[in-house]
Amino acid sequence: MSKAVASVPDKSGRYGDFGGRYVPETLVAALDQLEAAYEDAIKDPEFHKTFDHYLKHFVGRPTALHFAQRLTELAGGAKIYLKREDLNHTGAHKINTALGQALLAKRMGKTRIIAETGAGQHGVASATACALLGLPCTVFMGEEDVRRQKLNVFKMRAMGTVVQPVTTGSRTLRDAVNEAMRNWMGTVQNTHYILGSVVGPHPFPRIVRDFQSVIGSETRQQCLELLGRLPDTVIACVGGGSNAAGMFYPFVEDSSVQLVGVEAGGRGPSSGNHASTLSFGKPGVLHGTFSYVLQDSDGQTADVHSISAGLDYPGVGPEHSYWKETGRVTYTACEDGAALEGFNICSRLEGILPALETSHAVVEALRLAKQMPKDKILVICFSGRGDKDCYEVARLLGLDLEGDSTHS
Amino acid sequence: MTPLESTFANLKAAKRKAFIPFLSLGDPSLDATRIFLGELAEAGATAIELGFPYSDPIADGAVIQASYTRAMANKNSMADWLQFASGLGNDSKISTVPRLAMLSYSLIHPQGLQNFVNKVKIAGIVGLIVPDLPVDESTHLLQSCKQAGLDLIQLVTPTTPRERAKRILDSSSGFVYCVSVAGITGERRELPQELLGQLDWLRSQTALPLCVGFGISRPDQVEMLRNHCDGVIVGSALVRLCENAGNQPGKQPITEVVKNIGTLARSMVAALNPAG
């Protein structure tokens, strides 16, 4: 296959063979309208000015590129840097696209926002952007996730968002996406759907990637300014793949930069125990796009598992499938146990609690850095902070955060 | 002429309107589905839509999704469904009623388009409705269907701009599936008045039969529509009746459900064809 290029998608929303629009006819007009509005917005300097203003003064960008000295010492090889997306307002990269899309929705004259969320990070980011811009917001969230992520549910409600529990199917992220798409079909005239990852029908994968590309663009510039050159390796975790897409995209045509995506290896490689879509899946259609999918031989979506709710998704963005097929990005998997260890190591050695999603990237970074000479540079997309995972990590370590902690 | 085309030609000659019921395969079991289909055929169904259960149906409403979830608990495979469809060709009640498959493109892709089209044709299915495959993505499937003499029924919705609707009409065959409302499948109290205007416009653009679906659940809706279309598709209202089937307390025996399905179907057929 030919080399990966940055000038994707094409007019039909294709990244090589991947992408496109597999949606009901009802949504086609809305997607056309969204695409036209987006094309118009990105040509307008005023839109960029407003977006950049909020990124700086509300989100807190640019985020730091931090040298992780003790992780570097532990690995004993390449210098490890952290691109600190955890320092964004709301604690993860999700706010970049939530804000961008909320601004786009306003520009399109939409008066209502809907979003889906799994663990709640994208829901919180959307609720935040909507509170900031005065847009009413409804977030669809699987009933199972509502139960598991009480804090994020509270945060969304505190900011005035309606959290709508989804009781269909497995009651998790993919059902929340189904429900949000359905709701959108009946409300497209006044409603914008803020999709949280680089998945779904065209133009969503492109819009989300573009708004997230601020991560990679800043990293690229910071490396050139602080280190005088581009990094050798860039690593990010991949669920749907939005932080990875935003980080990788500005480096796609820098052939000297090795790009590595880390998926959720879960409990191991047998079906139903992981969410390593690119490692173990095959091309198929899910949620409106043609990309790698975890499904059975009939096309029914497979069950997935990950310690990290943000990576627990049976699909992946079409551009990642394109990068896999062209060989531009290498995709690996990190299992639950290793990710938990990564959480502990990073917390102890750097004083930064990583999100469990991010912990997957940390583990792979330590493994790769060890094999690289000391003059090499490796950057981790530090996608989010670990506060949201403290209860889950404590539970897995056999600790009880609600109980007596005087002896710990 | 495809089987569907001759069915509609005969219907037109008899000055009658089409009643096209939809049922999910295997809700609550494939045996029950066969009994329900027999009743629908006896009640005067013009054609039958077989819904192939899918884990993540974005075009369908809560009633049909729940039905798919129930059906999938039976762990039937695509091979089972196609075998079931084949069997309908030997069922004296059903064999004369054309069968259509309504399914997500997610289930077609893994089979390979040509292979899938050949398989459904062998199973006696005469047309496909793929609600998540818009015309822009349907070129290859359309080609395979044409070669096999199968109809690929396309959907037009209230949000479809007219220029685009013309393109959809150009690549449709069998009939045009006119979606009554912006949204998903499911019963609705009111149908928008604009629908009639859209149907009349579509009528001026194509000789293909126009069948209206999504939200059709009652005879009075049919009375409003019948002079503006060639037939109606009824899904959720029937599926909701299947929902009640079962042996547990609070559920209805199959015989009871069959009776209810027959009653609804006959009232629809009567509303579509008031003269006789």
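Tutor: Helices (H or I, at least four residues) and strands (E, at least two) are DSSP runs, numbered from the N terminus. This is a predicted model, in which local features need pLDDT of at least 70, side-chain atom pairs count only at pLDDT 80 or more, and totals for chains, interfaces and linings use all residues. Residues are numbered from 1 along each chain as its sequence is written, chains are lettered from A and ligands numbered from 1 in the order in which they are written, and side-chain values use heavy atoms, with hydrogens and water left out.

Student: Which glycine follows H10(A)?

Tutor: Helix H10 of chain A covers residues 214-227. The residue that follows H10(A) has a positive phi, near 75 degrees, and is Gly228(A).

Student: How far apart are the end C-alpha atoms of helix H10 of chain A?

Tutor: The expected span of a helix is 1.5 Å times one less than its number of residues. The 14 residues of H10(A) should therefore span 20 Å, and this agrees with the distance between the end C-alpha atoms, which is 19 Å.

Student: How many residues of H8(A) are buried?

Tutor: Buried means under 20% relative accessible area, exposed over 50%, and partly exposed in between (1.4 Å probe, protein chains only). Helix H8 of chain A has 15 residues, 173-187, and should span 21 Å; its end C-alpha atoms are 21 Å apart, which agrees. The buried residues include Leu173(A), Arg174(A), Trp184(A) and Thr187(A). H8(A) is mostly covered, and the number of its residues that are buried is 12.

Student: How much area do chain A and chain B bury between them?

Tutor: Contact means heavy atoms within 4.5 Å, and 31 residues of chain A are in contact with 35 residues of chain B. Buried area is the accessible area (1.4 Å probe) that two parts lose on being put together, summed over both. Carbon and sulfur atoms carry 50% of the area buried between chain A and chain B, which is about 2700 Å².

Student: With which residue does Arg174(A) form a salt bridge?

Tutor: A salt bridge is a side-chain nitrogen of Lys or Arg within 4 Å of a carboxyl oxygen of Asp or Glu. Between chain A and chain B the count is three salt bridges. In the one formed by Arg174(A), the closest N and O atoms are 2.8 Å apart, and the partner is Asp56(B).

Student: Which element gives the most to the side of chain A that touches chain B?

Tutor: The elements that give two or more residues to that side are helix H1 (25-42), H8 and strand S11 (282-286) of chain A. With six residues, the element that gives the most is H8(A).

Student: Where does His287(A) lie?

Tutor: His287(A) has a positive phi of about 50 degrees although it is not a glycine. At 3% relative accessibility, His287(A) counts as buried. Its place is the loop between S11 and strand S12 (289-293) of chain A.

Student: Is Phe214(B) buried or exposed?

Tutor: Phe214(B), in the loop between strand S8 (210-213) and helix H10 (219-225) of chain B, is not a glycine but has a positive phi of about 80 degrees. Its relative accessible area is 7%, so Phe214(B) is buried.

Student: What is omega for the cis peptide bond that joins His202(A) and Pro203(A)?

Tutor: Most residues other than glycine have a negative phi, and most peptide bonds are trans. Pro203(A) is found in the loop between strand S8 (191-194) and helix H9 (204-212) of chain A. The bond that joins His202(A) and Pro203(A) is cis, with an omega of about 10 degrees.
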